[in-house]
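Subject: Structure for your review

Hello,

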Amino acid sequence: MEVRLQRLKQFDKAESAYDEAVRIQDKLVRTIPAVPHYQRDLAWSYNGLGLVHARNKQYDKADPAFKKALAGWEKLLKDHGGERDYSAGQAMTCFYLGDLSRAGANPKDAVAWYNRALEVAPESMKSFIKKRLNSLESK
C-alpha cells in the first residue's frame, strides 16, 4: 500500500503508512527476533520511509531511515548468510544513501556510497549503479 501511495504522490499518507509499518515490524522483530523475514520487512520499510522523506526534501529525516535500513541488512547478512535478497537490499540502501549525498551536494560521499553498493550488489543490479556512478564522475 505504501508504494502505491508514493506512486500517487500522496507522500503524507505514504509517510504515515510507513511509520505504522515500522512500528508494527519493529515490535515483531523485538518480540520474535529469530524470524528473518520480519527483519527483512522492517529494513524495506525503513528504505521506503527514507525514500518518502528524500522525495519531500527532508534529508535530515531520510538519512537516519536509510541508515536504520542498512543496519538491518547488515544484521541479516551477518546472522543468516548471503541470501541474494539481503545483498540486494543492502545494495539498494547504499544506492539510496548515494542519491541522498548527491542531492545534498556532497559528491565525494555519493561516490563512496555508490562504490559500496557495487561491492555488495548482485550482478543484475550493477549496471544501473554504474550508470549513476558514471554520471556523477563525468561532471
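A crossing is called left-handed if the near helix is turned anticlockwise from the far one by less than a right angle, and right-handed if clockwise. By that convention, helix 6 and helix 7 make a left-handed crossing. Please bear in mind throughout that this is a predicted model.

Helix 6 with helix 7

Helix 6 covers residues 107-120, and its axis and that of helix 7 come within 10 Å, crossing at roughly 160°. Angles over 145 degrees count as roughly antiparallel, and helix 6 and helix 7 are therefore roughly antiparallel to each other. On the helix 6 side the contact consists of Pro107, Ala110, Val111, Tyr114, Asn115, Ala117 and Leu118. These meet Lys126, Ile129, Lys130, Arg132, Leu133, Leu136 and Glu137 of helix 7. By class, the contact of helix 6 with helix 7 holds nine nonpolar residues, one polar and four charged.

Helix 5 with helix 7

Helix 7 (residues 126-137) also packs with helix 5: their axes come within 11 Å and cross at roughly 20°. Angles under 35 degrees count as roughly parallel, so helix 5 and helix 7 are roughly parallel to each other. Their crossing is left-handed. Helix 5 contributes Met92, Phe95, Asp99 and Arg102, while helix 7 contributes Phe128, Ile129, Arg132, Ser135 and Leu136. The contact of helix 5 with helix 7 has five nonpolar, one polar and three charged residues. Ile129, Arg132 and Leu136 of helix 7 are listed in the contact with helix 5 and also in the contact with helix 6.

Helix 3 with helix 5

Helix 3 (residues 36-55) packs against helix 5 (residues 84-103) at an angle of about 20°, the axes being 11 Å apart. Helix 3 and helix 5 are therefore roughly parallel to each other, and helix 3 passes helix 5 in a left-handed crossing. From helix 3, Pro36, Arg40, Trp44, Asn47, Leu51 and Ala54 meet Asp85, Tyr86, Gly89, Met92, Thr93, Tyr96 and Leu100 of helix 5. This contact of helix 3 with helix 5 divides into eight nonpolar, three polar and two charged residues. Met92 of helix 5 touches helix 3 and is also in the contact with helix 7.

The largest pocket

The largest pocket holds about 160 Å³ of space. Its lining is made up of Val29, Pro33, Gln39, Leu42, Ala43, Tyr46, Lys68, Gly72, Lys75 and Leu76. Helix 3 and helix 4 (59-80) each supply at least two residues of that lining. By class, the lining of the largest pocket has six nonpolar, two polar and two charged residues.

Regards

Terms used: Residues numbered from 1 in each chain as written. Predicted model: local features only at pLDDT ≥ 70, side-chain atom pairs only at ≥ 80, totals over all residues. Heavy atoms only, no water. Axes fitted to C-alpha atoms, helices over the stretch in contact; angles between N-to-C directions. Helix = DSSP H or I, 4+ residues; strand = E, 2+ residues; numbered from the N terminus. Parallel < 35°, antiparallel > 145°, perpendicular 65-115°, else oblique. Contact = heavy atoms within 4.5 Å. Nonpolar A, V, L, I, M, F, W, Y, C, P; charged D, E, K, R; others polar. 1 Å grid on protein atoms, 1.4 Å probe; cavity = no way out; pocket = protein on both sides within 12 Å on 5 of 7 lines; lining within 4 Å. Points joined across faces, edges and corners; volume = space filled by probe spheres on them.
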